[in-house]
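Welcome! Take a moment to look through the sequence and turn the model around before reading on.

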Amino acid sequence: MSFYIASSPHHHQRRTTAKLMQLVLFAMLPGFLAQLYFFGWGVVFQLSLAITVALAAESLCLIARDRAPSSGLQDNTAIVTAALLAVSIPPLAPWWVIVIGTLFSIVVVKHLFGGVGHNIFNPAMAGYVLLLISFPVQMTAWMPPTGFATNAPSFIDSLYLFLFQFTSEGFSLEQMRRIDTGSMLDAVVMATPLDHLKTQLGQGATLSEALQHPQFIGFAGAGWQWVNLGYLLGGLLLLQQRVIQWHIPVAMLGALSVCAILGSIFAPDYLPGLNIHLFSGATMFAAFFIATDPVSAATSSKGKLIYAALIGVLIYVIRSYGGYPDAVAFAVLLANLCVPVIDQYTRPVTYGHNKEAG
């Protein structure tokens with residue numbers, strides 16, 4: 001029996017990295033299908049182009065590092081990075097947005113740091129932040145969920161919007177994003193639930209007034225609540241299959257929940273409640289698919305709890321007092337920076353050594 005040494009991500013079960021990544025992709029399917037239903041064909045276009053660019057970039061980087069492309073492509077990590085980024089951006093963002101983001105994630109964040117197992121930041125979230133800072137208009141142009149759009153684009157129109165930002169009949173993306181509010185205004189441009197709340201509260205409206213927007217049906221907003229439930233279902237599958245451990249999802253969601261409950265108690269007119277924080281935006285997606293990245297997260301059980309709780313608190317603080325409505329990507333990257341310190345103070349003591357002796 002040989003002793004095999006490899007870089008992270010490590011796993012105690014007899015599963016290859018490729019198999020684990022396949023399970024992650026399979027677990028993403030419920031959330032992906034919910035996005036496809038509520039936000040249209042653009043999700044498929046983004047995913048297809050992102051995977052193509054990721055595989056091409058991965059191959060070129062491996063060749064430049066004098067490694068056989070087949071050896072690196074078989075682990076499926078590039079595909080997972082592409083998928084995580086593709087479902088994070090607006091479905092009808094221009095094609096070049098996902099190309100830039102994917103190239104940055106694979107080439108800069110992953111391979112310039114040494115390849116799989118060596119990157120200090122989550123590649124997908126680093127690519128997302130680059131895009132959000134560089135192209136804020138394109139990165140906030142989400143379509144209204146199914147049933148809200150004045151003119152819901154067809155498959156062909158979605159493809160035209162993805163490639164050219166105009167439909168086959170000449171309508172712009174801005175025109176397609178408008179919804180009928182039933183007021184004296186003809187229509188307004190749709191915003192995500194968190195973005196709408198951030199804007200309305202910043203203009204002096206109370207929370208109850210902001211929640212009067214027609215998209216706030218159900219318990220957390222049309223479309224978004226079901227997308228979060230889809231990723232929650234996929235996350236539970238990952239837990240059941242022991243692809244991830246419970247520490248990070250529970251600590252992140254727990255810390256965010258505590259902050260949301262306290263905010264509702266002390267400022268009920270201005271801080272959204274628990275339902276909004278948990279089921280609007282990318283909360284469940286982050287808890288089970290982003291924060292659990294085995295390379296950029298903390299390693300020990302205690303460290304994972306601290307790391308994930310920090311993400312939950314940062315999400316709440318940035319959402320409530322910062323300039324970005326969702327805040328997941330920024331929270332994850334800031335926590336990634338803290339991982340070396342967290343690991344330093346939470347690593348288990350080596351058997352036979354006391355803690356003081358190190």
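## A guided briefing

Val-317 is part of helix α17, which spans residues 301-321. Helices (H or I, at least four residues) and strands (E, at least two) are DSSP runs, numbered from the N terminus. This is a predicted model, in which local features need pLDDT of at least 70, side-chain atom pairs count only at pLDDT 80 or more, and totals for chains, interfaces and linings use all residues. Residues are numbered from 1 along each chain as its sequence is written, and side-chain values use heavy atoms, with hydrogens and water left out.

**The chain as a whole**

- The chain's secondary structure amounts to 18 helices and two strands.
- Of the 358 residues in the chain, 49% are buried; buried means under 20% relative accessible area, exposed means over 50%, and partly exposed is in between (1.4 Å probe, protein chains only).
- Among contacts (heavy atoms within 4.5 Å) with a separation of 6 or more, 73% come from residues 24 or more positions apart.

**Back to Val-317**

- Val-317 counts as partly exposed because its relative accessibility is 38%.
- Between Val-317 and Ala-260 there are 9.9 Å in space, C-alpha to C-alpha, although they are 57 residues apart in sequence.

**A covered helix**

- How many of the residues of helix α16 (residues 283-290) are buried? Eight of its eight residues are, so to speak, under cover.
- Among these buried residues of α16 are Phe-285, Phe-288 and Phe-289, along with Met-284 and Ile-290.

**Two helices side by side**

- Helix α1 (residues 17-27) packs against helix α13 (residues 224-240) at an angle of about 150 degrees, and their axes are 8 Å apart. Here axes are lines fitted to C-alpha atoms, for helices over the stretch in contact, and angles run from 0 to 180 degrees between N-to-C directions.
- On the α1 side, Leu-23, Val-24, Phe-26 and Ala-27 meet Gly-234, Leu-237 and Leu-238 of α13.
- The residues of this contact comprise six nonpolar, one polar and no charged. Ala, Val, Leu, Ile, Met, Phe, Trp, Tyr, Cys and Pro count as nonpolar, Asp, Glu, Lys and Arg as charged, and the others, Gly among them, as polar.

**Aromatic rings**

- The whole structure has 13 aromatic pairs. Rings of Phe, Tyr and Trp (its six-membered ring) pair if their centres lie within 6.5 Å; planes under 30 degrees apart count as stacked, over 60 as edge-to-face and the rest as tilted.
- Why is the pair of Phe-39 and Trp-142 edge-to-face? The ring planes of Phe-39 and Trp-142 stand at 70 degrees, with the centres 5.5 Å apart.
- This pair links distant parts of the chain, 103 residues apart: Phe-39 is in helix α2 (residues 29-39) and Trp-142 in the loop between α8 (136-139) and α9 (155-164).
- Phe-39 is buried at 6% relative accessibility, and Trp-142 is buried at 8%.
- Trp-41 and Phe-155 are also edge-to-face, because their planes are at 85 degrees, with centres 5.2 Å apart.
- Trp-41 is partly exposed at 39%, and Phe-155 is partly exposed at 38%.
- Trp-41, Phe-155, Phe-45 and Phe-162 make up one aromatic cluster.

**Cysteines**

- There are zero disulfides (pairs of cysteine sulfur atoms within 2.5 Å).
- Cys-259 is buried at 17% relative accessibility, whereas Cys-338 is partly exposed at 31%.
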